[in-house]
Amino acid sequence: MSSVLVLGAGMVGTCTALHLQQRGHQVLLVDKKGPGQETSFGNAGLIQREAVEPYAFPRQWSKLLQVALGRTVDVHYHGSALPGLARALFTYWRESAPERHAVASQHHARLIAHCLDEHQPLIEEAGAQDLVRCEGFRKVYRSPTVFAQAVKDAGRLERQFGVRFAALDAAALAQAEPALRCDLAGAVHWLDTWSVSDPGELVARYARLFEQRGGRLVHANAHTLQTHGSGWRVRADDLDGGGWLEAAQAVIALGPWSDALVRPMGYRLPLFVKRGYHQHYTGASLNLPMLDAEKGFLLLPTAQGTRLTTGAEFARMDVPATPVQLGRAEQAARQLVDLGPALATPPWLGSRPCTPDMLPVMGPAPRHRGLWFNFGHAHQGFTLGPVAGRLLAELISGQTPGLDPGPYRAERFL
Ligand SMILES: Cc1cc2nc3c(=O)[nH]c(=O)nc-3n(C[C@H](O)[C@H](O)[C@H](O)COP(=O)(O)OP(=O)(O)OC[C@H]3O[C@@H](n4cnc5c(N)ncnc54)[C@H](O)[C@@H]3O)c2cc1C
């Protein structure tokens, strides 16, 4: 077994570190902040067993027109970002055609199928049961026609991928969620999905488990990464002694920051981000998380209040927050529940690390010995962290992986 630097202590990096450690590697988990303080902190907290099909780019012209006119809650864009995004978005649109999306879904579903089995032991060993509810979540529908179609689609997913659901008509939904203050057409209750009341804390507990088992967590800037002999090294921050940290292998698990590190190394991968916001409110005591499927926002009960998370903002990662969507989602949410006032904290902004074929990049870096990629998990990185961690650890350890890694290799873009 060898020594490994895992760069990035989000859900993906932390789980990779744990799986490597289990296989006897000496692991240094590196982050510029503490574990789980970025994208894995602010998400909607769902471990999405139902998310077998990745999010497709809208294909209907009517929807595209609404987006272009800035009339949607779920999608927002910065016009200034479009020239830089054009190529990736065109490929994303092309890959979202029904027959191609069906292929991507097969590869995505194969990963998603393991998410509960992989999180379960970590939740137990990390003593994090208090954070997790295993009662599913509800997608609610405003219009009877859209609801009827959603129930048909759910039935297809159940037959094809074995994901369980229950359809609730208007009366059953009103009974299940007495906090709802308007009549909705109904809901699809996805029964196998889990929800986490504090996503950042779950990653922090996984990282504590890694440390309890002898792993080392270090503050360092991943951009100091360089080759060193036949291996790799990064420079620790002064906080951690400032010296060089060396290892035989390195894994890049920097979520949306991965592109900034791999591009100068010669990897022009078509990575882009979908930004998203959250805000907490004092009201709306829901029994389960609720996604307004037609407007595209989610309400998650958390210890700090109800967390409202938004859909996708196509923008450059480094430009200031423009929480237009949050305002629209808040307005739509207030039609459903008494949200109460927002907490005084500014809206949180994060970036989903995306690829145009809707599949993550996992496997060896094609042109560098001992370097590995584990990023691009898009809308489901919190769900897939331990699945991705196992796959990478198996590959690095020379074990036969439980899943065919072929569809996720970086080579598909090079
Ligand atoms: C609004 C929203 C809602 C979402 N809801 C869900 C959901 O319900 N379920 C789900 O499965 N997914 C959800 N996602 C997606 C999910 O949050 C991400 O896919 C996932 O968190 C990515 O994890 P990661 O470990 O790859 O990245 P991150 O969690 O971002 O981790 C990357 C780490 O790299 C570190 N880092 C960055 N640069 C450097 C550097 N130079 N040096 C050292 N360290 C560095 C960061 O500090 C960070 O800790 C949502 C995302 C958003 C934005």
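This is a predicted model: local features need pLDDT of at least 70, side-chain atom pairs count only at pLDDT 80 or more; totals for chains, interfaces and linings use all residues.
Biologist: Let's start with the ligand. Which residues come nearest to it?
Modeller: There are 33 residues around the ligand. Asp-31, Thr-39, Ser-40, Ala-378 and Thr-383 come nearest.

Biologist: What does a nitrogen atom of the ligand find at Asn-221?
Modeller: An N or O atom in the Asn-221 side chain, 2.9 Å away. A ligand nitrogen also sits 3.0 Å from a polar backbone atom of Ala-44.

Biologist: And which ligand atom does Phe-382 reach?
Modeller: An oxygen atom. The distance is 3.2 Å, from a backbone N or O atom of Phe-382.

Biologist: Phe-382 again, then. Which residues make the contact between α1 and α12?
Modeller: Phe-382 is on the α12 side of that contact.

Biologist: What's the class breakdown for the contact of α1 with α12?
Modeller: By class, 9 nonpolar, 5 polar and 1 charged.

Biologist: At what angle do α1 and α12 pack?
Modeller: About 40°, with the axes 7 Å apart. Helix α1 covers residues 11–22, and helix α12 covers 381–396.

Biologist: Left-handed or right-handed crossing?
Modeller: The α1 and α12 crossing is right-handed.

Biologist: New topic. Where is Gln-325?
Modeller: In helix α11, which spans residues 324–336.

Biologist: Is Gln-325 buried or exposed?
Modeller: Buried. Its relative accessible area is 0%, and the cut-off for buried is under 20%.

Biologist: So what does the Gln-325 side chain reach at 3.1 Å?
Modeller: The backbone oxygen of Val-73. A polar atom of the Gln-325 side chain also lies 2.9 Å from the backbone oxygen of Asp-74.

Biologist: What else does Gln-325 touch, leaving out residues up to four places away in sequence?
Modeller: Val-73 and Asp-74 are on the list, along with Val-75 and His-76. Then come Tyr-277, Thr-310, Gly-311, Ala-312 and Glu-313.

Biologist: And Gln-331, buried or exposed?
Modeller: Exposed, at 59% relative accessible area. Gln-331 is in helix α11 too.

Biologist: Over to His-280. Which strand does it lie in?
Modeller: Strand β15, residues 272–281.

Biologist: Why does His-280 count as buried?
Modeller: Because its relative accessibility is 5%, and buried means under 20%.

Biologist: Which side chain does His-280 make a polar contact with?
Modeller: That of Arg-307, side chain to side chain at 3.1 Å.

Biologist: What does His-280 touch besides Arg-307, again beyond four places in sequence?
Modeller: Thr-302, Gln-304, Gly-305 and Thr-306. Pro-341, Ala-342 and Leu-343 are also touched by His-280.

Biologist: Last one, backbone angles. What's the phi of Ala-284?
Modeller: Near 60°, a positive value in a residue other than glycine. Ala-284 lies in the loop between β15 and β16. Ala-284 is buried at 8%.

Biologist: And where does Met-358 lie?
Modeller: In the loop between β20 and β21. Met-358 isn't a glycine, yet its phi is positive, about 65°. Met-358 counts as buried, at 7% relative accessibility.

Key:
Residues are numbered from 1 along each chain as its sequence is written. Side-chain values use heavy atoms; hydrogens and water are left out. Helices (H or I, at least four residues) and strands (E, at least two) are DSSP runs, numbered from the N terminus. Buried means under 20% relative accessible area, exposed over 50%, partly exposed in between (1.4 Å probe, protein chains only). A polar contact is a pair of N or O atoms within 3.5 Å; within protein, one must be able to donate a hydrogen and the other to accept it, and residues adjacent in sequence count only if both atoms are side-chain atoms. Contact means heavy atoms within 4.5 Å. Axes are lines fitted to C-alpha atoms, for helices over the stretch in contact, and angles run from 0 to 180 degrees between N-to-C directions. A crossing is left-handed if the near helix is turned anticlockwise from the far one by less than a right angle, and right-handed if clockwise. Ala, Val, Leu, Ile, Met, Phe, Trp, Tyr, Cys and Pro count as nonpolar, Asp, Glu, Lys and Arg as charged, and the others, Gly among them, as polar. A residue is near a molecule or strand if one of its heavy atoms lies within 4 Å of it.
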